Amino acid sequence: MNLKNDLIIRAARGEQVERTPVWLMRQAGRVLPEYREVRKQAGSFINMIKTPELATEVTIQPVDILGVDAAIIFSDILVIPEAMGLPYDMIESRGPWFEKTVATEEDIRNLHTADAGDLHYVIDAIKLTKKELNGRVPLIGFAGAPWTIFSYMVEGHGSKTFSKAKKFLYTQPHLAHQLLEKITQSTIHYLEGQMNAGADLVQIFDSWAGILSPEQYNEFSLRYIAKICDALKAKKETTGKKPIIVFAKGAFFAREEMGKLNCDAIGLDWNMDITESRKLIGTSKTLQGNMDPCLLYADLPTIKKEAEKMLREFGPLKHIANLGHGLYPDIEKDNVKCLVDTIQNFRFKS
Ligand code: CP3
């Protein structure tokens, strides 16, 4: 199916675009009253992501309401641990919670290597969303990076330090690699399944990249992200044609290495200087980002001024506008709309 708006795909490939495209991490979520309404009716977050009709509805909401240039499938990175044998719960105002965690070699052996069929509810939601979008904008699929998924599987919940997950790397590096490998294979199957179901591009989220040392990051994270990119790109006629964005929060120290990944775009967080990032990553890749989500608490003229400043600094080519991390639930919808409108109305003087 032809896309009516393919700006994000073209920008990811480094092609000329009439204007900089924009989508926002966590664009589907509690910033939208319309989302909160569906969420109330669904009862739980997990029920929502497991019911394709509901997932489709909230995936499309930000396209209708905010006018963003892409939809991102409504799901969570934690569906992978569940498909591998660790069910989770999403506890109101506390976040994810796993009953079982991974500590021993036996725990790792007992985990299942997931395939796309284990995540049929996401695959069905992608197919339904593609149908309902009817080519209006591209659909982004996603998965967590193996290191971030590993962190949740070992800790069992969120953490400020993720010290239990880091302890695992220092005390049982061999086992850590076994677990990371199993997550990597599951993630490859899952992302292939998403692309084959209709996802037009994918993003890999490494939310806990920033807690590792540069050396550990290369060994325990980047290596596995590289494997995923290589596996998807190897199938030249299918998944290999679709752009991959890698977003590693806090990985300022790894930007040069990330420039060598077999991916199309690198997401920057707001701590990463734009000009310096371009120098470190090189000119081959598209950059995505990187507004501080907290800027959206400011008044509208400030949001407009800062958004235009960001666009100029990235320049007209190889940029996908986004935040440096997800939207916070208490940000005003009108402020988000102001950001999207500013970016879409901006033109570089020729
Ligand atoms: O709009 C989108 O970006 C698509 C949907 C999406 C969600 N989670 C929905 C969600 C995406 C891409 C994610 C990814 C995700 N999930 C990440 C990586 C990105 C990041 O933020 O670093 C991580 C680390 C998770 C794990 C997770 N899921 C946590 C820690 C939490 C609790 C925090 C919170 O905001 O409540 C979630 C829950 C979650 N995932 C919500 C949403 C909309 C909130 C659930 C609700 O409605 O109550």
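This is a predicted model: local features need pLDDT of at least 70, side-chain atom pairs count only at pLDDT 80 or more; totals for chains, interfaces and linings use all residues.
Me: Why is phenylalanine 162 called buried?
Reply: Buried means under 20% relative accessible area, exposed means over 50%, and partly exposed is in between (1.4 Å probe, protein chains only). Phenylalanine 162 has a relative accessible area of 0%, so it counts as buried. Its place is the loop between α8 (146–155) and α9 (163–171); helices (H or I, at least four residues) and strands (E, at least two) are DSSP runs, numbered from the N terminus.

Me: What makes arginine 39 count as buried?
Reply: Its relative accessible area is 18%, and the limit is under 20%, so arginine 39 is buried. Arginine 39 belongs to helix α2. Leaving aside residues up to four places away in sequence, arginine 39 touches Ser44, Phe45, Met48 and Glu92, where contact means heavy atoms within 4.5 Å.

Me: How do you know that the buried residues of α2 line one face?
Reply: In α2 (residues 33–42), the buried ones are Tyr35, Val38, Arg39 and Ala42. Looking down the axis of α2, they fall within an arc of 100°, so they line one face of the helix; the arc is that of the directions from the helix axis to the C-beta atoms. As background, an α-helix has 3.6 residues a turn, so residues three or four places apart point the same way. Lys40 and Gln41 are exposed on the other side of α2. The cover over the buried residues includes α3 (45–50) and α4 (52–65).

Me: Why are α7 and α10 called roughly parallel?
Reply: The axes of α7 (residues 120–133) and α10 (residues 173–197) cross at roughly 25° and come within 9 Å. Angles under 35 degrees count as roughly parallel, over 145 as roughly antiparallel, 65 to 115 as roughly perpendicular and the rest as oblique, so α7 is roughly parallel to α10. The axes are lines fitted to C-alpha atoms, for helices over the stretch in contact, with angles running from 0 to 180 degrees between N-to-C directions.

Me: Which residues of α7 and α10 meet?
Reply: From α7, Val122, Ile123, Ile126, Lys127 and Lys130 meet Tyr190, Gly193, Gln194 and Ala197 of α10.

Me: What makes valine 202 a buried residue?
Reply: Valine 202 has a relative accessible area of 0%, so it is buried. Valine 202 is part of strand β5 (residues 201–206). Its contacts, not counting residues up to four places away in sequence, include Ile140, Leu191 and Pro243.

Key: Residues are numbered from 1 along each chain as its sequence is written. Side-chain values use heavy atoms; hydrogens and water are left out.
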